[in-house]
Amino acid sequence: MLGSGDPVEVLAEWLREAAGLAVAFTGAGVSADSGVPTFRGPGGLWQKYKPEELASPEGFRRDPALVWRWYAWRMGLIKKARPNAAHIVLARLEAMGLLMGVVTQNVDGLHQRAGSKRVVELHGNIWRARCTVCGYRWVLTNPPGDDEVPVKCPMCGGLARPDVVWFGESLPEAALSEAIELMEHAALVIVVGTSGVVEPAGSLPLLALRSGARLVNVNPEPNRYTGIAHLDVRERADPFFRRLAGVMGILLGQA
Ligand code: OAD
């Protein structure tokens with residue numbers, strides 16, 4: 001049955017009916033209301049910057065310092081940002097036993113900062129670095145300064161890279177299989193703030209759909225899931241989840 005009536009009431013009911021078998025699938029748009037830019041569309045990063053120069057293995061080989069400076073700039077934006085109502089409500093739903101976890105394409109760590117425990121990161125994390133020589137991984141607490149790029153490995157001194165997935169690279173196997181498992185078991189998938197065009201991530205909600213799950217699509221613009229979702233919410237993430245919090249009696253605290 002397609003959702004009718006106020007979308008927050010419908011989602012609140014579907015969350016209860018899913019009895020804990022709900023999962024969220026998020027993209028850059030979930031962090032847009034926190035001030036983190038998306039990739040596509042007006043004001044998106046790929047309007048201004050070239051992905052092949054800044055988010056590909058070839059670009060990194062050509063100019064690792066330039067790539068690091070761009071990531072350091074994004075880390076600065078993310079550090080200043082605060083989780084919005086969407087991040088916080090998803091974390092609370094997990095704590096209430098109504099959500100299994102969040103599968104995200106984002107690298108910003110805002111779901112974890114909002115309190116989400118099970119966060120499956122399909123595209124890595126911007127706060128982690130990885131040595132291209134010995135494979136050592138570690139967490140950066142601050143964006144590297146201009147005199148610290150390209151970042152070097154504290155173990156072997158080799159060239160390090162951001163531990164994120166670039167164009168042409170495979171997704172981390174463990175994250176992808178955990179995401180597939182969640183999708184196959186889900187009775188409800190809440191898609192928030194993604195264009196859905198990047199594969200294989202974008203196809204994950206379709207996997208759930210094929211297994212009989214309900215699909216809810218929260219996005220102010222039409223996207224890949226428009227027309228196939230059972231409930232299309234044409235609204236920004238923060239105000240929509242604020243209203244959902246009101247209907248479900250979830251206190252937002254600092255958001
Ligand atoms: P995109 O930039 O492709 O899409 C962002 C989506 O968020 C669009 O559909 C917008 O309409 C929507 N949006 C914008 N503001 C919103 C708001 N306030 N609330 C809700 N939605 C909003 O970002 P992704 O789909 O995440 O990959 O992109 C997928 C991947 O492409 C990224 O993970 C990144 C990028 O290249 C890698 O870096 C590997």
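Student: Which residue does the side chain of Arg128 meet in a salt bridge, in this predicted model?

Tutor: In this predicted model, the side chain of Arg128 meets that of Asp163 in a salt bridge, with 2.8 Å from N to O. The pair links distant parts of the chain, since Arg128 is in strand S4 (residues 124-131) and Asp163 is in strand S6 (residues 160-164), 35 residues apart.

Student: Is Asp163 buried or exposed?

Tutor: Asp163 is buried, with a relative accessible area of 4%, while Arg128 counts as partly exposed at 25% relative accessibility.

Student: OK, what about Glu121, how far apart are the closest N and O atoms in its salt bridge with Arg128?

Tutor: Those atoms of Glu121 and Arg128 are 3.8 Å apart.

Student: Switching topic, how is the chain divided into domains?

Tutor: Domain 1 takes in 1-36 + 83-123 + 171-255, and domain 2 takes in 38-80 + 126-164. Between these two domains the count is one salt bridge, and the area buried there is about 860 Å², of which carbon and sulfur atoms give 59%.

Student: Which residues in domain 1 lose the most area to domain 2?

Tutor: They are Ala28, Val36 and Val107, which together make up 43% of what that side buries.

Student: And how many salt bridges does the rule count?

Tutor: The count comes to 13, and one of the pairs is Asp33 with Arg236, at 2.6 Å from N to O. Asp33 and Arg236 lie in two loops, so the pair ties together parts that are 203 residues apart in sequence.

Key. Residues are numbered from 1 along each chain as its sequence is written. This is a predicted model: local features need pLDDT of at least 70, side-chain atom pairs count only at pLDDT 80 or more; totals for chains, interfaces and linings use all residues. Side-chain values use heavy atoms; hydrogens and water are left out. Domain bounds come from an automatic or database domain assignment. Buried area is the accessible area (1.4 Å probe) that two parts lose on being put together, summed over both. A salt bridge is a side-chain nitrogen of Lys or Arg within 4 Å of a carboxyl oxygen of Asp or Glu. Helices (H or I, at least four residues) and strands (E, at least two) are DSSP runs, numbered from the N terminus. Buried means under 20% relative accessible area, exposed over 50%, partly exposed in between (1.4 Å probe, protein chains only).
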